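Here is a short briefing on one protein model.

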Amino acid sequence: MNYEELIKKAKEARERAYAPYSDFLVGAALLTEDGRIYSGCNIESASYTPTNCAERTAFFKAVSEGERSFSAIAVVGAKRGAKDCGICPPCGVCRQVMSEFCDGDFKIVLADLECNYKVYSLSELLPLGFELK
């Protein structure tokens, strides 16, 4: 699968986001080593702490289905109704969750609404991640 297809799936997931408080909609599409895609969107809560990011939603769905091998994730996020925006990098918690299941070469594809994108490795975005290994 190419990155453009993965970004398209992330944009589709973004449309399902539940973000009535921030109006910031995020979608993610997680690619497994065997080519399956698990999508996720951000899901907010009025008390904010239980809010879940799109990236973690995708990972938790995949892991709960028995997946453990991942090759890439695409993330697209912007305010509701935005026409022009930049990329939306994962928060620190999401980066840490990624490091639980992926090595430093795992690819993180950050795209804007126009599908312009940049690819990072997990080690670039989380240089000294916490490990108990």
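This is a predicted model: local features need pLDDT of at least 70, side-chain atom pairs count only at pLDDT 80 or more; totals for chains, interfaces and linings use all residues.

How far is the sulfur of cysteine 115 from the closest cysteine sulfur, and in which residue is that sulfur? The distance is 10 Å, and the partner is cysteine 85.

**Cysteines**

- The disulfide count comes to zero.
- Cysteine 88 takes part in no disulfide. Its nearest cysteine sulfur belongs to cysteine 85, at 8.3 Å.
- Cysteine 88 is buried, at 12% relative accessible area.
- Cysteine 115 is partly exposed, with a relative accessible area of 32%.

- An open sheet is built from five strands. Their order is β2-β1-β3-β4-β5, and the pairing is mixed.
- β2 (37-41) and β5 (117-121) are the edge strands. Each of these two pairs on one side only.
- On average, neighbouring strands of the sheet are turned by 20° against each other, direction ignored.
- Strand β1 spans residues 24-32. β1 and β2 pair in the antiparallel sense, over five bridges.
- In general, strands of a sheet pair through backbone hydrogen bonds, either parallel or antiparallel.
- Which residue of β2 stands opposite glycine 27? Cysteine 41 does.
- Helix α1 (residues 3-14) packs on this sheet. The helix touches β1, β2, β3 (70-79), β4 (107-111) and β5.
- The direction of α1 makes about 50° with that of β3.

**Arginine 95**

- Arginine 95 sits in helix α3, which covers residues 92-101.
- Is arginine 95 buried or exposed? Arginine 95 counts as buried, because its relative accessibility of 18% is under the 20% cut-off.
- Leaving out residues up to four places away in sequence, arginine 95 touches Pro89, Pro90, Leu122, Leu125 and Leu126.
- A polar atom of the arginine 95 side chain lies 2.7 Å from the backbone oxygen of proline 90.
- Lysine 83 and arginine 95 are 12 residues apart in sequence. In space, they are 27 Å apart, C-alpha to C-alpha.

Conventions. Residues are numbered from 1 along each chain as its sequence is written. Side-chain values use heavy atoms; hydrogens and water are left out. Two strands pair if DSSP finds at least two bridges between them. Helices (H or I, at least four residues) and strands (E, at least two) are DSSP runs, numbered from the N terminus. Axes are lines fitted to C-alpha atoms, for helices over the stretch in contact, and angles run from 0 to 180 degrees between N-to-C directions. Contact means heavy atoms within 4.5 Å. A disulfide is a pair of cysteine sulfur atoms within 2.5 Å. Buried means under 20% relative accessible area, exposed over 50%, partly exposed in between (1.4 Å probe, protein chains only). A polar contact is a pair of N or O atoms within 3.5 Å; within protein, one must be able to donate a hydrogen and the other to accept it, and residues adjacent in sequence count only if both atoms are side-chain atoms.
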